[in-house]
Amino acid sequence: MQSTWPYGGFAWGRLAHTQANGWFAESVSWLGFAGLSGVVALIAALAAGIVCAPRRLPDRVRHWRLGVAGVGVATLLLLALVPAAPLQQDGTLRVAAIQGNSKSGIFDDRESGDVYRDHAEGTERLLDELEAAGESVDLIVWPENSAEFDLPGNTLRDFEIAGLAKRAGAPIVAGSILQDPDGSYTNSAVVWDATGATGARYDKRFPVPFAEYMPNREFFHLFAPDLVDLVQLEYQAGERPAVLDIETNAGAIAAGIAICFDITFDEQAEAMVDGGAQLILAPTNNADFGRTDESAQQLQIARLRAIETGRALVNISTVGTSAVVAPTGAMLDELTPFTADALVAEVPLVSGKTPALQFGGALAGFWMLLGAACAMWGALAGYEPRRARKS
């Protein structure tokens with residue numbers, strides 16, 4: 001329900017997220033987000049039931065409680081010891097990502113083109129360092145909104161990014177706000193190579209209500225007109241495939257794309273893996289959240305998503321927190337927030353589905369049925385006929 005309602009849901013703060021740095025993180029590749037959340041809830045409920053039970057109990061109930069405690073401890077040990085589900089590796093890719101440290105928030109004081117220049121100049125600095133060291137990369141990733149508005153329609157930026165891609169010998173995935181012929185807007189990721197736009201494009205599938213579009217605008221305008229009027233563009237939910245085919249020096253690759261909060265939705269993970277993604281690119285723009293914990297939380301959710309899907313993941317932000325995550329959840333490279341810097345890491349290209357992606361829907365359904373059954377059992381167990389209540 002949290003991931004679907006209202007207005008498409010907001011899948012933040014799930015119980016599984018508490019295990020991003022916990023003992024049970026790798027088990028998410030077997031259980032999925034819903035499955036791990038259910039196990040955490042069950043263990044907590046069992047612990048609460050054992051602790052809160054009356055001290056004086058019949059022998060049969062006391063034995064039952066000891067059995068439940070044993071099952072809980074065994075489950076915890078199993079979750080803590082199970083490794084991430086292994087998948088087939090099909091080679092490697094050397095990827096770079098640029099954190100421009102841009103003033104890219106809605107209310108930041110900046111000129112048009114500042115955010116773009118931060119990332120173009122950051123790419124130039126990285127290429128200087130790579131050339132000095134005699135090194136290269138196969139793919140460069142910029143954050144969400146890094147190329148600002150209408151990148152394909154800006155001739156100068158088109159030429160400059162193509163020049164950077166030619167110099168790097170690697171395509172560049174950049175974020176840009178695009179307008180379609182029908183007048184609608186999308187929050188998109190596009191691919192550039194040495195010849196210019198390749199035509200590969202992904203549109204964000206889960207635009208954020210009250211930020212990227214205003215649901216029921218006329219209704220909410222009655223209560224807070226000034227705030228509602230701040231949301232000027234109505235971004236449309238993307239319908240393009242969640243995987244981009246990109247030609248690189250390492251060969252053609254299939255990159256799953258999840259822009260910003262896309263990464264929190266199970267549906268997006270399934271779309272990327274079903275589309276054949278060999279790695280995941282997660283460009284984001286966290287500037288509006290300032291120095292709060294939001295960007296760190298988002299990175300931890302992305303880290304769990306990497307483990308769940310069995311894919312390496314590049315989480316690159318305009319301001320941070322940015323990191324490259326291995327399929328096991330290990331950090332391959334990470335940047336200090338609010339610094340202009342670049343990530344470089346060699347990541348595996350992976351194929352296949354983890355058990356979490358194969359059976360995640362069934363696990364989610366199981367926990368829903370179990371919860372409903374327990375609620376009914378509790379209601380019936382606590383029911384007393386009228387005569388018994390009177391006596």
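The paragraphs below go through a sheet, the helices on it, and a few residues in loops.

The model is predicted, so local features need pLDDT of at least 70 and side-chain atom pairs count only at pLDDT 80 or more, while totals for chains, interfaces and linings use all residues. Residues are numbered from 1 along each chain as its sequence is written, and side-chain values use heavy atoms, with hydrogens and water left out.

Begin with the sheet. Its 6 strands form an open sheet in the order β6-β7-β8-β9-β10-β11, with mixed pairing. The edges are taken by β6 (243-248) and β11 (331-334); each has a single partner strand, so one side of each is left without a neighbour in the sheet. On average, neighbouring strands are turned by 25 degrees against each other, direction ignored. Helices (H or I, at least four residues) and strands (E, at least two) are DSSP runs, numbered from the N terminus. Two strands pair if DSSP finds at least two bridges between them. Strands of a sheet pair through backbone hydrogen bonds, either parallel or antiparallel.

One pair can be followed in detail. Strand β8 (residues 279-284) and strand β9 (residues 313-317) pair in the parallel sense over 5 bridges. Within this pair, Thr-284 stands opposite Ser-317 of β9.

Which helix packs on β8, β9, β10 and β11? Helix α8 (residues 294-309) touches these strands, and its direction makes about 165 degrees with that of β9. Helix α7 (residues 266-274) lies across β6, β7 (251-257) and β8, and runs at about 165 degrees to β7. Axes are lines fitted to C-alpha atoms, for helices over the stretch in contact, and angles run from 0 to 180 degrees between N-to-C directions. Contact means heavy atoms within 4.5 Å.

Next comes the loop between β9 and β10, where Ser-322 is placed. Is Ser-322 buried or exposed? Ser-322 is buried, because its relative accessible area is 0%. The cut-offs are under 20% relative accessible area for buried, over 50% for exposed, and in between for partly exposed (1.4 Å probe, protein chains only). Residues touched by Ser-322, not counting those up to four places away in sequence, include Gln-99, Asn-315, Glu-334 and Leu-343. A polar atom of the Ser-322 side chain lies 2.9 Å from the backbone nitrogen of Ser-317. Thr-321 also has its place in the loop between β9 and β10. A cis peptide bond joins Gly-320 and Thr-321, with omega about 10 degrees.

Most residues other than glycine have a negative phi, and most peptide bonds are trans. Phe-338, which is not a glycine, has a positive phi of about 60 degrees. This residue is found in the loop between β11 and β12 (341-351), and Phe-338 is partly exposed at 24% relative accessible area. Asn-145 has a positive phi too, near 65 degrees. Asn-145 lies in the loop between β2 (139-141) and α4 (155-168) and is buried, at 19%.

The last stop is Glu-234, in the loop between α6 (225-230) and β6. Its relative accessibility is 27%, so Glu-234 counts as partly exposed. Glu-234 and Tyr-213 are 21 residues apart in sequence, but 4.4 Å apart in space, C-alpha to C-alpha. The Glu-234 side chain makes a polar contact with the side chain of Arg-217 (2.6 Å). A polar contact is a pair of N or O atoms within 3.5 Å; within protein, one must be able to donate a hydrogen and the other to accept it, and residues adjacent in sequence count only if both atoms are side-chain atoms.
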